[in-house]
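Me: I want to learn how to read helix packing and chain contacts from a model. Take me through it feature by feature.

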Amino acid sequence: MMAESGDAAARESLRRELGLDRPIAVQYVTWMGQLLRGDLGRSIRNGEPVIENVSRRIRPSLELAVLAMTIAVLVAFPAAIVSAIRHNTAVDRLGTSFALFGICLPNFLLALLLIFAFGVTLRWLPISGYVDPLDEGWSGLRSLVLPAVTLGLALAAVIMRTLRSSLLEALGEDYVRTARAKGLSESVVIRGHVLRNALIPVITVLGLQLGTLIGGAVITEYVFALPGVGRLVVDAVFARDYPLVQGVILLIAIGFILSNLFVDLLYGWIDPRIRVR
Amino acid sequence: MAGSIHESAFAERALATPAEAGVRDRRWDALRRAARARLAPFGAAVLLAAIVIALAAPLLAPYDPLAQNLGNILARPGRAHWLGTDNVGRDVLSRVIWGTRVSLVAGFVSVAIAATAGGVLGMLAGYAGGRADGVVMRLMDAVLSFPPLVLALALGAVLGAGLGGVLVALGVVYTPTFARLMRGQVLSVKTREYVDAARALGASGWWIARHHVLPNAATPIVVQASLSVAFAILAEASLSFLGLGVQPPAASWGSMINAGRGYLQQAPWIVFGPGTALFVTVVGLNFVGDAIRDGLDPRLTR
């Protein structure tokens, strides 16, 4: 916002204007005071309130998150169930290797692989940019496919790995033998008895992975030029727009903590025994 | 973070080996399990190769990693340039080799920072208890309330560009995991009889902490550290992909991949060289971490 060579007087007056000449403690108290009144300050770059900068970016991020989550569940659940039922067969090994790859393959690399395959070579899908699927429908969905697959596969790998081993554990329980013995069909046993009991560890891992997932969303939005909150963080960091960085990161942390709370509440919904009295 | 993914896979293996044995047998079992893990040798080979490549980078790299050759840009992989050249004619293989240094330093140093800081803080919290415990652990909770990559990004931005900033940022981000682990261990170890015995013999608090509590609480820290290295390497690559960390023209895998992003169509090898190196290293380190955990995790040697 100021050339390196700006003269001393101008620098002094700017410092005073931004409150940088006051002690850190005073600056912090001022910032907290404004925060409590819902004022996160203004972006240095465009002068608009931080809140407005963020709220404009929330929609793409949420759409990405929902799509990625859908893809993750659609891939991970069938894969884990097949892997667990056909334990120690070629299918199982294929599934577990897929999971390992998904965990070790960094997000940005997967993104570039997908861009290389579907965007550059086959030219099926757009490789960057964003059209809102709620406005444009089909072409909007197309613009979100690659980002959502990138983010979704990483998540699918984690879910699949956890679900597979908790399914295996549940399959060995007495109540499964009982259910089979009383003549329930295998699909009813899996759906009603095994799957439900195997869900708790998956929820735990999902909760623990939330942070990683948000980090992945930042990278994904950056690679695919999606105008979401993650992209805003990266841009703000590199523009040295400190009020914006502070504000966005605070809001992300709040969102992160709220999602963790939501995950904790899910426990009670899935397993009534865990409800807090 | 890393632990959670592996935990359940281990619970499963633990079921398969219900062993009750003496201390000597248990050690032997631990060793055997580590060796039996089919993938450990591959992981060890990858790690060894990466260390050798990092140390011998000046000898191994066929070209100067910074030397541009504008007459030979985006050259296909071939006999002269095994992995091709990039958009300013630099040899991709040489840059991958030099980038190994950055990745390994990032992985090991940031985990060392986190394990040391977390170990000391966890020790303090667990051993001293009371107000120190409260202050330290609330501080750790504060760090944990941010998504790791986002926090590292912000810290890296404040600390300034360069590898040092990223190392410290990642160190801070990983510290709470180690602090919590250490605190839990210390809390359980400090109630053991041998600690009471040492105290009855007149040992000072410091002596007990150093000679009795620390050695007995350290195993999970080592396990966690070995599992964290792979994730730290990934994190450094992600940050340098975004533009933090080692600054151009110096080579790091993440920044090379970012630079090659625009040339996916004409020269995908700019991305695939460092991408493969990164992937293989992370997979290998994961296997090594798993094997170390197999060998040392006390929960498996019930």
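Me: What covers the buried residues of α11(A)?
Reply: Start with the terms. A residue is buried if 20 or more other C-beta atoms lie within 10 Å of its own, exposed if 12 or fewer, and partly exposed in between, with C-beta atoms placed from the backbone. Two residues are in contact if their C-beta atoms, placed from the backbone, lie within 7 Å. Helices (H or I, at least four residues) and strands (E, at least two) are DSSP runs, numbered from the N terminus. Here the cover includes α3, α9 (186–223) and α10 (229–238) of chain A, together with α7 of chain B. The buried residues of α11(A) are A:L244, A:V245, A:G247, A:V248 and A:I252.
This is a predicted model: local features need pLDDT of at least 70, side-chain atom pairs count only at pLDDT 80 or more, and totals for chains, interfaces and linings use all residues. Residues are numbered from 1 along each chain as its sequence is written, while chains are lettered from A and ligands numbered from 1 in the order in which they are written.

Me: How many residues does α11 of chain A have, and how far does it reach?
Reply: Compare the span with the expected one, 1.5 Å times one less than the number of residues. Helix α11 (residues 242–270) of chain A has 29 residues and reaches 42 Å from first C-alpha to last, close to the 42 Å expected.

Me: Is A:F238 buried, exposed or partly exposed?
Reply: Count its neighbours. A:F238 has 15 C-beta neighbours inside 10 Å, so it counts as partly exposed. A:F238 lies in helix α10 of chain A. A:F238 and A:L64 are 174 residues apart in sequence and 23 Å apart in space, C-alpha to C-alpha.

Me: At what angle do α3 and α7 of chain A pack?
Reply: Axes are lines fitted to C-alpha atoms, for helices over the stretch in contact, and angles run from 0 to 180 degrees between N-to-C directions. Helix α3 (residues 50–85) and helix α7 (residues 138–171) of chain A pack at about 35°, axes 6 Å apart. For handedness, a crossing is left-handed if the near helix is turned anticlockwise from the far one by less than a right angle, and right-handed if clockwise. The crossing of α3(A) and α7(A) is right-handed.

Me: How do α3(B) and α5(B) cross?
Reply: The axes of α3 (residues 40–55) of chain B and α5(B) come within 8 Å and cross at roughly 110°. Angles under 35 degrees count as roughly parallel, over 145 as roughly antiparallel, 65 to 115 as roughly perpendicular and the rest as oblique. α3(B) and α5(B) are therefore roughly perpendicular to each other. Their crossing is left-handed. B:A50, B:I51, B:I53 and B:A54 in α3(B) meet B:I97, B:T100, B:R101 and B:L104 in α5(B).

Me: What about chain B as a whole?
Reply: Chain B has 13 helices and 0 strands. Of its 302 residues, 48% count as buried. In helix α12 (residues 253–260) of chain B, 8 of 8 residues are buried. They pack against α5 (107–121) of chain A together with α5 (92–128), α11 and α13 of chain B.

Me: How many residues does each chain give to the contact?
Reply: Chain B gives 34 residues and chain A gives 37. On the side of chain B that touches chain A, α13(B) gives the most, with 7 residues. That side divides into 24 nonpolar, 8 polar and 2 charged residues. Ala, Val, Leu, Ile, Met, Phe, Trp, Tyr, Cys and Pro count as nonpolar, Asp, Glu, Lys and Arg as charged, and the others, Gly among them, as polar.
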